[in-house]
Amino acid sequence: MRITHRQTPPTAPEPNKKKRIPALVIALGAAVIGGISLLATLDKMQPAEPSDPPAAEVDITTTKPKPSTTRTTTTTRPTTTTTQTAEPLYVLPLSNNVVAEFGTAPVWNETLQSYRLHQAVDFGGEIGDKVVAIADATVLSVGQDTLWGGQLELDCGYGVVVRYSGVTTDLTAGETVKVGQAVGTLSGVPGESEGGVHLHVEMTADGQPIDVMKAIEK
């Protein structure tokens with residue numbers, strides 16, 4: 001009797017058999033993953049930090065400092081210099097053409113053929129020329145004289161009296177006139193006719209004869 005030993009075939013390895021991962025490693029991995037997700041959740045829960053406002057854009061071309069509008073209102077009002085040109089005290093009664101000056105010594109009068117004092121100033125002109133008040137005055141008298149022609153006497157105040165000879169006027173005693181105001185027209189002096197047409201002007205201060213031109217110059 002033949003005894004044959006049955007040979008058991010070797011156990012073949014299981015196809016594609018995965019290696020087993022220890023349970024401890026799996027537990028550690030799960031813990032790590034859980035911690036990461038927890039941190040992410042907490043991070044999302046934190047309030048977001050306020051972001052800085054966007055920097056204002058600066059236009060380099062307009063960065064020049066603007067002039068301060070805080071004006072120091074020192075109200076320098078326009079000085080209305082109303083240069084009130086004070087009226088002169090005396091003015092020329094006619095033209096500045098002096099044909100005979102004031103004198104304290106007798107002079108020859110060609111018309112009367114005699115020496116006479118000429119304590120007056122004669123202003124040359126033409127018949128009908130305008131004659132004006134030498135100063136602010138009040139009319140003292142108006143008259144007519146054979147030698148001196150039409151006469152007008154003015155009280156200028158402060159003891160000053162002016163007498164015009166050779167003037168035609170419509171003024172009457174008591175009227176007031178302003179310096180430079182027209183008071184009449186030139187008509188000539190019969191007693192000095194050889195000296196041409198002129199206005200004969202005498203001035204006295206407290207009764208004393210004075211030079212009209214010197215008074216005007218002052």
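Helices, which are H or I runs of at least four residues, and strands, which are E runs of at least two, are taken from DSSP and numbered from the N terminus.

Before I continue, two remarks on the source. This is a predicted model, in which local features need pLDDT of at least 70 and side-chain atom pairs count only at pLDDT 80 or more, while totals for chains, interfaces and linings use all residues. Residues are numbered from 1 along each chain as its sequence is written, and side-chain values use heavy atoms, with hydrogens and water left out.

I turn to the backbone. Most residues other than glycine have a negative phi. Aspartate 206, however, has a positive phi, near 55°. Its relative accessibility is 67%, so aspartate 206 counts as exposed; the terms are buried for under 20% relative accessible area, exposed for over 50% and partly exposed in between, with a 1.4 Å probe and protein chains only.

Tyrosine 158, also not a glycine, has a positive phi of about 60°. This tyrosine 158 sits in the loop between β7 (149-157) and β8 (160-165), and it is exposed at a relative accessible area of 82%.

Finally, the aromatic rings. The structure holds 1 aromatic pair, formed by tryptophan 108 and tyrosine 115 in an edge-to-face arrangement, with 5.1 Å centre to centre and 70° between the planes. Rings of Phe, Tyr and Trp (its six-membered ring) pair if their centres lie within 6.5 Å; planes under 30 degrees apart count as stacked, over 60 as edge-to-face and the rest as tilted. Tryptophan 108 is partly exposed at 40%, whereas tyrosine 115 is exposed at 60%.
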